[in-house]
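Have the model open alongside as you read.

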Amino acid sequence: MAERVFAAKLQGVGFEDVWVGGHRPSGIDEASHYPLFTEEVIELMRKTLPPGRHDHVATGVVVKARKPRTHGRTKRTT
Amino acid sequence: MAKDLMFQDEIKEAVRDAYAGISTGAGETVARWLYSDEELAEVPTGAVAWALGVGNPVRYALLQPGEDVLDVGSGGGIDSILAARRVGPQGSVIGLDILEEMCERGRRHATEAGVNGWTQFRRGEMEDIPLPDGSIDVVISNGVMNLSARKSRALAEIYRVLRPGGRVSMADLTVEGELPPEIANDQSAWAG
């Protein structure tokens, strides 16, 4: 999910004051520490992604937002 | 429509299977990238070993004593325990996880940490949170929202359980641009 999509989804359900920070690049070597990534998919990343992207496949972020104090809209989604 | 729902169910099943199949978290090496020495000293080593997050949502949440916190996708409980330290026994923490075995780990680690009196772990899904409307002050999550095939639904549920003025602090991975389809469609990559 792209950062702007994450923020838009929060706003879409009614959140306000959306803030995104704490940006931290996350690369293949970091991913290899997580047991959820199989050796096969780590190898697949190394083969299919350009070397310049190996250290920055994704970006870790922290997203903050607030529910309005006054009656805000609540949109149920399916 | 039916096909989309099947796809959603397949994703949910793949994520659940992936997490059910692991015997440890990302471990201390990853935890040291995300948490300070002081923060890691506040949690049992078992919770550190089971860390699977991608950031530090508690640090940004600015939790206050007495607040009620929901940790969506609580896993081994590291963020729930850090949150419990900050809200204290006047507050409460609920860890929500799709896997009962993760809830059990969270309970064990919270007991070791001595915060079990105001920290509980419940099995449940982020798209159907088993809590009443307006019952939570702060929702935290760590590397969890990307696992949902119904992200807007999950966010709407988080919105529903928050009190007016309530807030979220969610750590996650974002990707700009396209990943090669072999990676984007790989179950392991989705779960990771």
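Two residues count as in contact if their C-beta atoms, placed from the backbone, lie within 7 Å. Helices (H or I, at least four residues) and strands (E, at least two) are DSSP runs, numbered from the N terminus. This is a predicted model, in which local features need pLDDT of at least 70 and side-chain atom pairs count only at pLDDT 80 or more, while totals for chains, interfaces and linings use all residues. Residues are numbered from 1 along each chain as its sequence is written, and chains are lettered from A and ligands numbered from 1 in the order in which they are written.

Let's start with a helix pair in chain B. B:Ser80, B:Ile81 and B:Ala84 in H6(B) meet B:Gly106, B:His109, B:Ala110 and B:Ala113 in H7(B). By class, this contact has 4 nonpolar, 3 polar and no charged residues; Ala, Val, Leu, Ile, Met, Phe, Trp, Tyr, Cys and Pro go down as nonpolar, Asp, Glu, Lys and Arg as charged, and the others, Gly among them, as polar. The axes of H6(B) (residues 78-87) and H7(B) (residues 100-113) come within 9 Å and cross at roughly 35°. Axes here are lines fitted to C-alpha atoms, for helices over the stretch in contact, with angles running from 0 to 180 degrees between N-to-C directions.

Is H6(B) mostly covered or mostly open? It's mostly covered, with 8 of its 10 residues buried. Buried means that 20 or more other C-beta atoms lie within 10 Å of the residue's own, all C-beta atoms being placed from the backbone. Among the buried residues are B:Ser80, B:Ile81 and B:Ala84. Just after H6(B), B:Gly88 takes a positive phi of about 70°. As for H7(B), it lies across S2 (92-97) and S3 of chain B, running at about 175° to S3(B).

Now for the sheet. Its 7 strands form an open sheet with mixed pairing, in the order S1(A)-S2(A)-S5(B)-S4(B)-S1(B)-S2(B)-S3(B). Strands pair if DSSP finds at least two bridges between them. The edges are S1 of chain A and S3 (119-123) of chain B, each pairing on one side only. From one strand to the next, the twist averages 15°.

Where do the chains join up in this sheet? S2(A) (residues 58-66) runs antiparallel to S5(B), with 8 bridges between them. On its other pairing, S2(A) is joined to S1(A) (residues 16-26) by 7 bridges, again antiparallel. S2(A) is mostly covered, with 7 of its 9 residues buried. Some residue partners:

| Residue | Partner | Partner's strand |
|---|---|---|
| A:Gly60 | B:Leu173 | S5(B) |
| A:Lys64 | B:Ser169 | S5(B) |

Overall, the contact takes 42 residues from chain B and 41 residues from chain A. On the chain B side, the largest share, 12 residues, comes from S5(B). That side has 22 nonpolar, 12 polar and 8 charged residues.

Technical notes. A residue is buried if 20 or more other C-beta atoms lie within 10 Å of its own, exposed if 12 or fewer, and partly exposed in between; C-beta atoms are placed from the backbone.
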